Amino acid sequence: MRSFHGLVAVAFISVIAFQSCVVNGNFYRDVYFNWGAKHAYMYNNGDNLDLVLDKTAGSGVQSYNSFLFGSIEMLIKLVPGNSAGTVTAYYLSSTGNYHDEIDFEFLGNSSGQPYTMHTNIFTQGKGNREQQFKLWFDPTADFHNYTIHWNPTAVVWFVDSIPIRVFRNYKSEGIGFPNQQGMQVYSSLWNADNWATRGGLVKIDWSCAPFMAGLKKFNARACKWEGPLSIIKCAVPTPFNWWTSRVYKQLNWDQLGKMKWVQDNYMIYNYCTDYKRFGGKMAPECYKPQY
């Protein structure tokens with residue numbers, strides 16, 4: 001059994017690892033516009049990026065590099081006011097029909113109503129693993145850190161260093177896990193009023209346009225994908241592959257307590273409890289411990 005001081009040390013290391021102050025990437029260097037370049041602005045020497053949506057188009061970026069394992073971090077300030085029908089997306093994805101994907105999506109709201117934070121994970125083209133949350137702060141008032149931490153053991157979604165969700169690797173038991181494909185980083189602001197707000201009942205009010213989401217200090221502290229050899233190279237437990245260290249194989253007691261607080265108080269949808277949607281045939285990972 002670990003000593004109390006050992007647990008505190010692990011908690012301290014984990015908090016430091018996901019503090020916003022370590023996020024120091026550069027948009028000029030690391031990403032390019034994959035659509036809507038005229039509706040976005042990079043500034044502050046590449047530290048900041050504003051995505052814009054109006055009635056003519058939205059905008060989006062993706063990373064030059066693909067990655068396999070590590071931490072992908074972004075500071076985001078969401079569209080303020082009446083953002084109903086808009087979606088600010090931030091996710092990792094490979095390409096092709098059997099792609100892997102790890103998602104944060106922020107579904108807009110009518111003024112005064114909280115955002116819905118939508119999370120999902122795809123393995124080999126299969127998704128339907130949604131969990132949704134309301135946020136415990138105003139995500140439009142300031143920047144907040146959203147981190148996807150991904151290693152051979154698990155995927156963990158963090159908000160301001162607080163874990164909100166875990167998806168563990170049970171591939172040996174026939175459950176898909178994203179560990180064979182490099183994924184690029186994407187972010188976009190787009191019109192999703194056919195589904196985003198109250199199932200598409202609330203449409204975008206274009207009199208409130210242009211809509212703008214702010215991104216800041218993107219950083220990928222991750223293993224660069226260099227083809228199939230990376231499947232082994234990025235997973236080998238070495239000091240250089242810091243994400244494979246023991247600290248990151250299991251949430252510590254402090255992180256578990258914080259995640260329970262989030263899930264007990266702010267989770268509004270969990271695919272593992274939606275028996276009606278799946279006709280009682282729930283995904284096999286729903287019967288497995290995730291943390």
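Which residue lies over the face of Tyr-170, and at what distance from the ring centre? Lys-288 does, at 5.8 Å from the ring centre. (A charge sits over a ring if NZ of Lys or CZ of Arg is within 6 Å of the ring centre and within 35 degrees of the ring normal.) The model here is predicted: local features need pLDDT of at least 70, side-chain atom pairs count only at pLDDT 80 or more, and totals for chains, interfaces and linings use all residues. Residues are numbered from 1 along each chain as its sequence is written, and side-chain values use heavy atoms, with hydrogens and water left out.

- In S10, 6 of the 6 residues are buried, so the strand is largely enclosed by the rest of the structure. (Buried means under 20% relative accessible area, exposed over 50%, and partly exposed in between, using a 1.4 Å probe and protein chains only.)
- In a regular strand the side chains alternate between the two faces of the sheet.
- Both faces of S10 are covered: one side has Ala-154, Val-156 and Phe-158, the other has Val-155, Trp-157 and Val-159, and all are buried.
- S10 pairs in the antiparallel sense with strand S9 (residues 144–150) over 5 bridges, and Thr-147 stands opposite Phe-158 there. (Two strands pair if DSSP finds at least two bridges between them.)
- S9 and S10 make a hairpin with 3 residues between them.
- S10 also pairs with strand S11 (residues 162–168), again antiparallel, over 6 bridges; the bridge partner of Val-156 in S11 is Val-166.
- The hairpin of S10 and S11 has 2 residues between the strands, and Asp-160 in the turn has a positive phi of about 50°.

**Nonpolar cores**

- The largest nonpolar core has 54 residues, and those with the most contacts inside it are Ile-102, Phe-104, Met-117, Tyr-146 and Val-155. (Such a core is a set of buried Ala, Val, Leu, Ile, Met, Phe, Trp, Tyr and Cys residues joined through side-chain atoms within 4.5 Å.)
- Strand S4 (residues 59–77) gives the largest share of this core, 7 residues.
- Apart from it lies another core, of 6 residues, among them Phe-158, Val-166, Leu-251 and Met-259.

**A buried threonine**

- Thr-88 sits in strand S5 (residues 86–93), and at 0% relative accessibility Thr-88 counts as buried.
- Not counting residues up to four places away in sequence, Thr-88 touches several residues, including Leu-78, Phe-104, Ser-188 and Ala-213. (Contact means heavy atoms within 4.5 Å.)

**Rings**

- A search of the whole structure finds 16 aromatic pairs. (Rings of Phe, Tyr and Trp, its six-membered ring, pair if their centres lie within 6.5 Å; planes under 30 degrees apart count as stacked, over 60 as edge-to-face and the rest as tilted.)
- One of them joins Phe-106 and Tyr-146 edge-to-face, at 4.8 Å centre to centre with 65° between the planes.
- Phe-106 is in strand S6 (residues 101–107) and Tyr-146 is in S9, so this pair ties together parts 40 residues apart in sequence.
- Both Phe-106 and Tyr-146 are buried.
- Trp-242 and Trp-243 have ring centres 5.6 Å apart and planes at 75°, so that pair is edge-to-face; Trp-243, at 3% relative accessibility, counts as buried.
- Ring pairs also link Tyr-90, Phe-104, Phe-106 and Tyr-146 into a cluster.
- Back in S10, Trp-157 has Arg-165 over its face, at 4.6 Å from the ring centre.

How values were computed. Helix = DSSP H or I, 4+ residues; strand = E, 2+ residues; numbered from the N terminus.
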